[in-house]
Amino acid sequence: MDTAKDLRLAVLIDADNVPYSNVKGVMEEIAKYGTPTFKRIYGDWTKPTVSGWKNILLENAITPIQQYSYTTGKNSSDSALIIDAMDILYSGRVDGFCIVSSDSDFTRLATRLREAGMKVFGIGQKKTPNPFIVACDKFIYMEIIPVFEAEAEETVAVKAKSTSKPKSFVEKVNKETLKLIAATINDLADENGWAFLGDVGNLVLKKQPNFDPRNYGFQKLTPLIKSLPQFEIDKRETDKAGIKLVYVRNKLQGE
């Protein structure tokens, strides 16, 4: 995805949907896409189960926003986060938003922010409903982000929750993903079937916001494509020493 490193981002975190052991890794992930200017996290901080958050918030300069749980079973943090997001939007002080949650209640918010010309990044767990995923410009699964165990005090219940996830998260490239990549190559290919890999990656992401090579165990798109026998790679020299452009095509077109 083509993003500027100096994007001003508002980072809004739903504490009810994010284990605190993930926060440090989440903030490092967000830094790849821009500079967080607003960093707020929403939850009921009067609950004894949130005691482990204190050091994490201090270390990452995140402002906790108190939202009391008025009724049982209802996430009251959602409305506070949405109201703040709209206030920040109209302030004109950011270029994009990062919503950290696995809750589909933020689908309309993400859509509205994009309608206003904002870049919207979503970060949530694999269980995140698809409507929220596709409402974002890019969606990153929390399972592929490194977990930093907190040294802060923590309750047994919260500790169990934060360590219950698998240490590794790798999917197999399914037929739908292969078809998506192949179709995207065809969309961009020249008369010989070659397409610039950078353009392919950007277009795939527009079609499927949760596409990420790390989901399949690769840090970058090039090694992922190399591992798939359906495609072939061509690295082309440029005028700049040591700089090569990577092109890809469907093998059937080259045979």
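Start with the open sheet of three strands, ordered β7-β9-β8 with antiparallel pairing (strands are DSSP E runs of at least two residues, numbered from the N terminus; two of them pair if DSSP finds at least two bridges between them). This is a predicted model, where local features need pLDDT of at least 70, side-chain atom pairs count only at 80 or more, and totals for chains, interfaces and linings use all residues. Residues are numbered from 1 along each chain as its sequence is written, and side-chain values use heavy atoms, leaving out hydrogens and water.

Select 195-196 for β7 and 231-237 for β8: these are the edge strands, each with a single partner, so one side of each has no neighbour in the sheet. Click Ala195 and look across to its bridge partner in β9, Val248.

Next, show α7, residues 175-188 (helices are DSSP H or I runs of at least four residues). Helix α7 lies across β7, β8 and β9, at about 110 degrees to β9 (angles run from 0 to 180 degrees between N-to-C directions, with axes fitted to C-alpha atoms, for helices over the stretch in contact, meaning heavy atoms within 4.5 Å).

Then pick Arg236 and Tyr247: the charged end of Arg236 sits over the Tyr247 ring, 3.9 Å from its centre (the rule asks for NZ of Lys or CZ of Arg within 6 Å of the ring centre and within 35 degrees of the ring normal).

Last stop, the rings: the structure holds eight aromatic pairs (Phe, Tyr or Trp rings, the six-membered one for Trp, with centres within 6.5 Å; planes under 30 degrees apart are stacked, over 60 edge-to-face, the rest tilted). Phe211 and Tyr216 have ring centres 6.1 Å apart and planes at 45 degrees, so that pair is tilted.
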